[in-house]
Amino acid sequence: MQLFSFTVYAVMCGRFYIQAFVLALFFLPLTGCVSNKVQKLPVAFNIEDSEWSDREKILPWKNYSDNCRISRSLFKETGKSLNYYIFKDSKNKIIYLIFEDSHSISDWVNDFDYVALSYEHAPYSITAHGGFVKVWQSGSEKVMKEFEEAIAENPSYELVITGWSMGGAFAHFAAEELNWKTRTEKADPDTGKKVLLITYGCPHLLYGRPMSEYFARCVKASYNFAHVKDGFARLPPESWGFFIENRIEIGQNDHSSKSPHVRYGEKELYGSIHINDTYIQTDE
């Protein structure tokens with residue numbers, strides 16, 4: 001029924017996404033298939049960050065459940081369905097910028113709008129998933145203004161940007177934009193403010209390996225968790241030139257028949273990897 005509604009919507013809008021329709025058919029059964037990709041265990045970042053020393057390390061399944069799966073009524077909407085929420089953790093002195101997942105037919109249209117688009121952050125040209133770029137540019141000014149105001153009010157707080165599914169793509173854009181806007185030397189990401197980036201089931205959003213490598217330089221550390229059976233997290237295909245930096249695969253021993261795309265809050269899925277660094281850990 002959802003697939004039928006999506007197709008009707010595309011036709012009515014005069015934008016018949018044959019590409020989206022075919023990939024939607026591909027995506028639905030893919031989520032139940034076992035990935036043949038060889039798991040590469042992530043290497044701990046070993047980043048010395050004294051500013052984080054008095055804060056609790058983040059447990060990824062808890063961050064997903066407590067932040068990414070909050071009530072939809074808490075999210076603010078701006079632009080073309082760019083939904084976000086800013087939360088201040090006064091105990092650990094952390095500001096969270098959280099982006100909502102796909103939740104409407106228009107979101108699904110944007111999810112499958114794969115034509116790469118570019119925008120300028122001089123001297124760099126950001127090239128990424130076209131549907132996500134359109135939504136981000138439609139409301140990013142308001143999102144970043146509120147985030148920057150929260151930072152100015154709490155200058156000693158650490159910064160975490162997180163998102164699930166489509167929200168993970170916007171989390172990437174927000175992390176890069178904050179870094180770019182605060183650089184003293186525009187060509188050098190190391191001169192700008194960097195955040196901790198955590199995403200779940202985020203699709204391939206960056207077009208080209210150099211773009212993926214550039215985004216990795218714009219953050220303190222990034223953790224892009226993806227279930228090995230989550231088909232959505234593998235679209236658009238890498239063979240089309242789309243990538244994501246520091247992908248961490250989980251759920252290698254998961255045999256559940258439930259959709260993996262909605263289960264990132266299950267601690268057991270992280271048992272196949274071990275991360276215990278400055279910011280995050282996967283065991284207790």
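This is a predicted model: local features need pLDDT of at least 70, side-chain atom pairs count only at pLDDT 80 or more; totals for chains, interfaces and linings use all residues.
**Entry 1: the whole chain.** I looked up the elements of the protein chain and got seven helices and 11 strands. I also checked burial: of the 284 residues in the protein chain, 54% are buried.

**Entry 2: two helices.** At what angle do H5 and H6 pack? I read off about 55° for helix H5 (residues 130-153) and helix H6 (residues 166-181), with their axes 9 Å apart. Angles from 65 to 115 degrees would count as roughly perpendicular and those under 35 as roughly parallel, so H5 and H6 are oblique to each other. I noted the crossing of H5 and H6 as right-handed.

Next I listed who makes the contact. From H5 the residues include Phe132, Trp136, Met144 and Phe147; from H6 they include Phe170, Phe173, Ala174 and Glu177. Sorting the residues of this contact by kind, I got 13 nonpolar, one polar and three charged.

**Entry 3: Trp136.** Leaving out residues up to four places away in sequence, Trp136 touches Leu82, Phe99, Tyr119, Met144, Phe170, Phe173, Ala174 and Glu177.

**Entry 4: the cores.** Which residues have the most contacts inside the largest nonpolar core? My list reads Phe99, Trp136, Phe147, Ile161, Phe170 and Phe173, in a core of 40 residues. Elements giving two or more residues to this core include strand E2 (82-89), strand E3 (94-99), strand E6 (158-164) and helix H7 (209-216). H5 gives the most, with nine residues. I then found a second, separate core of 30 residues, with Ile58, Tyr64, Leu196 and Ile248 among its members.

**Entry 5: Ile126.** I finished on a residue in strand E5. Is Ile126 buried or exposed? Its relative accessible area is 0%; buried means under 20%, so Ile126 is buried.

What does Ile126 touch, not counting residues up to four places away in sequence? I wrote down Leu117, Ser118, Tyr119, His121, Glu176, Met211, Tyr214 and Phe215. I followed up on one of these, Phe215: Ile126 and Phe215 are 89 residues apart in sequence, yet 9.4 Å apart in space, C-alpha to C-alpha.

Methods. Residues are numbered from 1 along each chain as its sequence is written. Side-chain values use heavy atoms; hydrogens and water are left out. Axes are lines fitted to C-alpha atoms, for helices over the stretch in contact, and angles run from 0 to 180 degrees between N-to-C directions. Helices (H or I, at least four residues) and strands (E, at least two) are DSSP runs, numbered from the N terminus. Angles under 35 degrees count as roughly parallel, over 145 as roughly antiparallel, 65 to 115 as roughly perpendicular and the rest as oblique. A crossing is left-handed if the near helix is turned anticlockwise from the far one by less than a right angle, and right-handed if clockwise. Contact means heavy atoms within 4.5 Å. Ala, Val, Leu, Ile, Met, Phe, Trp, Tyr, Cys and Pro count as nonpolar, Asp, Glu, Lys and Arg as charged, and the others, Gly among them, as polar. A nonpolar core is a set of buried Ala, Val, Leu, Ile, Met, Phe, Trp, Tyr and Cys residues joined through side-chain atoms within 4.5 Å. Buried means under 20% relative accessible area, exposed over 50%, partly exposed in between (1.4 Å probe, protein chains only).
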